[in-house]
Amino acid sequence: MIIRTMAALSVSVVCLAGAASAATVVNGSFEDVSGLAGGGLNRGSFGVYDTIPGWTKGSGSGIELQDNGTLTTHDAQDGNWYVELDSDDNSSMYQDITFAVAGIYRLSFYYAPRTTTPTDNGIDYSLGGLISGSIDGVFPAGWQEVATNFSVNAGDVLRLTFAATGINNSLGGFVDNVTIAPVPLPASALLLGGAMAGIGFAGRRRRNRA
């Protein structure tokens, strides 16, 4: 399995207070199929849609949803549902992510190849202009996590995109369990931040006395 990733990362000491609500991928495990025709399976054993909760088709025939009964060779990495992006042809999907809190975050998702032909299974992924990468592999390799860290400013809105890059033959790579979460600061960084704050406070006290 081959993974290629480029990420822009600038490190700063940032307090991620309220980190749980700092950024959220909506329906990252594709378990929300509410409102979809066929309950997520509008083509019999799978479903293809222009939009599903949280995600929008960017190009191609649509977002293909499969469940744990679609194929005998694969189950979802998390829950019961996962996505393939080569239903009738190579397709892409995207979601815009809002970052309310500045800091360092981690993008993580799981990938699995469907076929034994490497040129079938490629997936490109990107997050705004900060991350771009590609992954491919061959069956019977199972689910593998792909993850990278990146840095954002408060208020940034970045587009998260996944796109199939293999042959247009209705067989492609799978994506599941997409998450973005804050990276906890190491203890040394927290101590450094506290020391810097203490130095600043002491300096202000001296100036006030003068």
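**View 1. A cluster of aromatic rings in the predicted model.** In this predicted model, the residues F30, W55, F109, Y125 and F162 are joined into a cluster by pairs between their rings. Across the structure as a whole, 10 aromatic pairs are found, and two further pairs are shown in the views that follow.

**View 2. The ring pair of Y82 and W143.** A pair of aromatic rings is described by the distance of the centres and the angle of the planes. For Y82 and W143 the ring centres lie 5.9 Å apart and the planes stand at 80 degrees, so the pair is edge-to-face.

**View 3. The ring pair of Y82 and F174.** Y82 also pairs with F174, with ring centres 5.1 Å apart and planes at 80 degrees, so that this pair, too, is edge-to-face. Again the pair links distant parts of the chain, with Y82 in strand β6 and F174 in strand β13 (residues 174-182), the two being 92 residues apart. Both partners, Y82 and F174, are buried.

**View 4. A charged residue over the ring of Y94.** In this view an arginine, R159, is placed over the face of Y94, and its distance from the centre of that ring is 3.9 Å.

Notes
Residues are numbered from 1 along each chain as its sequence is written. This is a predicted model: local features need pLDDT of at least 70, side-chain atom pairs count only at pLDDT 80 or more; totals for chains, interfaces and linings use all residues. Side-chain values use heavy atoms; hydrogens and water are left out. Rings of Phe, Tyr and Trp (its six-membered ring) pair if their centres lie within 6.5 Å; planes under 30 degrees apart count as stacked, over 60 as edge-to-face and the rest as tilted. Helices (H or I, at least four residues) and strands (E, at least two) are DSSP runs, numbered from the N terminus. Buried means under 20% relative accessible area, exposed over 50%, partly exposed in between (1.4 Å probe, protein chains only). A charge sits over a ring if NZ of Lys or CZ of Arg is within 6 Å of the ring centre and within 35 degrees of the ring normal.
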